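Hi,

Here is the structure I promised to pass on. Have a look at it first, and then read on for what turned up.

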Amino acid sequence: MKFSILIIASALAMTQAASFSDGLVPRFPVDGRIVGGVAAEIEELPYQVSLQKGGHFCGGSIISSKWILSAAHCVGNDSAPTLQIRVGSSFKSSGGDLMKVSQVVQHPAFNDDVIDFDYALIELQDELELSDVIKPVLLADQDEEFEADTKCTVSGWGNTQKPAESTQQLRKVVVPIVSREQCSKSYKGFNEITERMICAGFQKGGKDSCQGDSGGPLVHDDVLIGVVSWGKGCAEKNFPGVYANVAYVRDWIKGVTGV
């Protein structure tokens, strides 16, 4: 199924935009942050990074001193020369360090028509100096499953849908896993929920990741289980956020990075 284009991105990211049905949008990039969450310090989420092209446009997670995991729809294989990664800061526009990128590896099966296999690995030119504010996150095991209602933390600098909230500081929100069966029912007629996807959110809505959070982490008990990918709107009733399922590609990640 082919989706029509819905452009919500800034000019910085328009060259990366994929095709989606009305209301079904990738979670990148506009100014703002997590919906229904609270401000967070980078010490709480030291694996969180900001992808930058003249400014923040997507999130990512540190998985080793040389590698970042993000979403394929955020970047192309040829985007390394123009991409920088801000690490070690609670703020998307200041602090921490800006790291240069040596290569970007999209998953070879990435399908931007249906947002499937939405994974990208980013190799840094120089190794990170690990600290209390720069630290890799553990990865889910290959084919590991997480039960419905498992509480997870999602974080980023994405749209808050509340202009009064700061547009600069990192935010986080806790959301429960939604079963693939239930998520498939919610998105019937919009998009298929595949094994490469994991869903999280509240049936009543109100708390979710949003545009600008794409590529960022969904974490349970300090283990990365998802990558912010797409959804119908943000925090809408009966439409949980959809994340790229890390456990499905754990072996691929190890094969590319050695991690």
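Arg-196 counts as buried, at 15% relative accessibility; buried here means under 20% relative accessible area, exposed over 50%, and partly exposed in between (1.4 Å probe, protein chains only). Its side chain meets that of Asp-116 in a salt bridge, at 2.8 Å from N to O. By salt bridge I mean a side-chain nitrogen of Lys or Arg within 4 Å of a carboxyl oxygen of Asp or Glu. Asp-116 sits in the loop between strand 7 (97–106) and strand 8 (120–124) and Arg-196 in the loop between helix 1 and strand 12, so the pair ties together parts that are 80 residues apart in sequence. Asp-116 counts as buried as well, at 8% relative accessibility.

Before going further, please keep in mind that this is a predicted model: local features need pLDDT of at least 70 and side-chain atom pairs count only at pLDDT 80 or more, while totals for chains, interfaces and linings use all residues. Residues are numbered from 1 along each chain as its sequence is written, and side-chain values use heavy atoms, with hydrogens and water left out.

The structure holds two salt bridges. Besides the pair above, Lys-172 forms one with Glu-44, where the closest N and O atoms are 2.5 Å apart. This pair also links distant parts of the chain, 128 residues apart: Lys-172 is in strand 11, and Glu-44 is in the loop between strand 2 and strand 3 (48–52). Lys-172 is partly exposed, with a relative accessible area of 25%, and Glu-44 is partly exposed at 38%.

Strand 11 (residues 171–178) deserves a look of its own. Six of its eight residues are buried, so the strand is largely enclosed by the rest of the structure. Strands are DSSP runs of E with at least two residues, and helices are runs of H or I with at least four, numbered from the N terminus. Two strands pair if DSSP finds at least two bridges between them. Here are the partners of strand 11:

- Strand 10 (residues 151–156) runs antiparallel to strand 11, joined by six bridges; Ser-155 has Lys-172 as its bridge partner.
- Strand 2 (residues 38–39) is antiparallel to strand 11 too, with two bridges, and Ala-39 is partnered by Arg-171.
- Strand 12 is joined to strand 11 by two bridges, again antiparallel; Val-178 stands opposite Cys-199 there.

Finally, Glu-195 is found in the loop between helix 1 (180–186) and strand 12 (197–200), and is partly exposed, with a relative accessible area of 48%.

Best wishes
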